[in-house]
Amino acid sequence: MNIALLGYGKMGQIIERFAADRGHQVVLKIGIENLNDFTVENLKQADVAIDFSAPAAAVSNIYKCFEANVPVVVGTTGWYGELQKIKNDCEQSNNTLLYGSNFSIGVNIFFHLNKLLAKLMNNYPAYDVQVEEIHHTQKLDAPSGTAMTIAEGIIEQFDSKQEWVNQLEGTPITDKLKHDQLLIESLRIENVPGTHTVVYSSEVDDIEIKHTAHSRAGFALGAVVAAEWLQNKRGFYSIADIFNFKD
Ligand SMILES: NC(=O)C1=CN([C@@H]2O[C@H](COP(=O)(O)OP(=O)(O)OC[C@H]3O[C@@H](n4cnc5c(N)ncnc54)[C@H](OP(=O)(O)O)[C@@H]3O)[C@@H](O)[C@H]2O)C=CC1
Ligand SMILES: O=C(O)C1=N[C@H](C(=O)O)C[C@H](O)C1
């Protein structure tokens, strides 16, 4: 497969190595320093584009891929407010996109486990629930996309939570947390690739599930596997479409 890498930072560089290991060629690498090369003509050399750029860049990168008619795997987070519009535009223009807040297999298992646990805990009103995410200090968005997916999974299954609210360490929540609000606490600590914890607390005990990424390798391999999966498909997908977990 010929791959265009949109964003050549921490993730882009690791994805390049996994792509080569799996026999693919990177035919275009776009970073902030060579944005002039990011043309529809150059993009058309690729079978698939993989975007790990920045929250502010993802949406325009996606539309450039649509213009070039090149399927795009989007790992970038922090743009999900535009998701529904992009889905509509993707389908109407017969384009192809797969997005995921987290491409590692471990986190995708965790997403499934999180929903199963939330469904079970829904029967036990003595417990309240909270989400915590920890990432490196260069992270531009909060909460993490992964924490948002986890929170949405809980809200789907756990009747007493209706919406999530985020607290980035050091910034106070303006209003007092209501019982139907799910807190996502974000912490930023040097060099942490990504740690997510869900805690159910009662007076007498806590139940925790936790995913700890040891490096970015799981995210990068997952993105290349997603690009392979997307080849020869049309339409709008999420990473959940690749996995078929049974209860
Ligand atoms: N879904 C998943 O599994 C994962 C998602 N992510 C997400 O991926 C994104 C990138 O993460 P990471 O690689 O760690 O971040 P980095 O900041 O290390 O890399 C992003 C790169 O994209 C460049 N960039 C900025 N604007 C553009 C643009 N318009 N076109 C192309 N490149 C651009 C940046 O340049 P400059 O620094 O000069 O601005 C930077 O080099 C983040 O949103 C992160 O949350 C990360 C890991 C896993
Ligand atoms: O910015 C990161 O580094 C990561 N971003 C993703 C997110 O926002 O969830 C995935 C992973 O946790 C690393």
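Which residues are closest to ligand 1?

What we have here is a predicted model, in which local features need pLDDT of at least 70 and side-chain atom pairs count only at pLDDT 80 or more, while totals for chains, interfaces and linings use all residues. Residues are numbered from 1 along each chain as its sequence is written, and chains are lettered from A and ligands numbered from 1 in the order in which they are written.

Now, the answer. Gly 7, Gly 9, Met 11, Ile 32 and Ala 57 are the closest, out of 25 residues that surround ligand 1. For this, a residue counts as near a molecule or strand if its C-beta atom, placed from the backbone, lies within 6 Å of it. The elements giving two or more residues to this shell are H1 and helix H3 (55–68). By class, the shell around ligand 1 has 11 nonpolar, 13 polar and one charged. The classes go like this: Ala, Val, Leu, Ile, Met, Phe, Trp, Tyr, Cys and Pro are nonpolar, Asp, Glu, Lys and Arg are charged, and the others, Gly among them, are polar.

Let's step back to the whole chain. It has seven helices and 11 strands; these are DSSP runs, helices being H or I with at least four residues and strands E with at least two, numbered from the N terminus. The C-alpha atoms fill a box of roughly 60 × 35 × 35 Å along the principal axes. A compact globule of 247 residues would have a radius of gyration near 18 Å, and the protein chain has 19 Å, which agrees. That radius is taken over C-alpha atoms, and the globule rule is 2.2 Å times the number of residues to the power 0.38.

The chain divides into domain 1 (2–102 + 217–241) and domain 2 (105–212), with bounds from an automatic or database domain assignment. Their C-alpha centres lie 27 Å apart. Where they touch, domain 1 gives 10 residues and domain 2 gives 11 residues, contact meaning that the C-beta atoms of two residues, placed from the backbone, lie within 7 Å. On the domain 1 side, we find four nonpolar, six polar and no charged residues.

Six strands form an open, parallel sheet in the order E2-E1-E3-E4-E5-E11; two strands pair if DSSP finds at least two bridges between them. Strand E2 (25–30) and strand E11 (235–238) stand at the edges with a single partner strand each, so one side of each has no neighbour in the sheet. Neighbouring strands here are turned by 20° against each other on average, direction ignored. Axes are lines fitted to C-alpha atoms, for helices over the stretch in contact, and angles run from 0 to 180 degrees between N-to-C directions. Helix H1 (residues 10–21) packs on this sheet, touching strand E1 (2–6), E2 and E3, and its direction makes about 170° with that of E1.

Next, the other sheet. Five strands form an open sheet in the order E7-E8-E6-E9-E10, with mixed pairing. Val 131 has Ile 184 as its bridge partner in E8, and Val 129 stands opposite Tyr 200 in E9. Helix H5 (residues 105–121) lies across E6, E9 and E10, at about 165° to E10. Helix H6 (residues 145–157) lies across E6, E7, E8 and E9, at about 170° to E6.

So where does ligand 2 lie? Both domains give residues to its shell, so it lies between them. That shell includes Thr 77, Asn 102, His 135, Lys 139 and Phe 219. Its classes are one nonpolar, eight polar and one charged.

Two backbone details to finish. Most residues other than glycine have a negative phi, and most peptide bonds are trans. Ala 142 and Pro 143 are joined by a cis peptide bond, with omega about 0°, and Pro 143 lies in the loop between E6 and H6. Asn 94, not a glycine, has a positive phi of about 55°; its place is the loop between helix H4 (83–92) and strand E5 (96–99).
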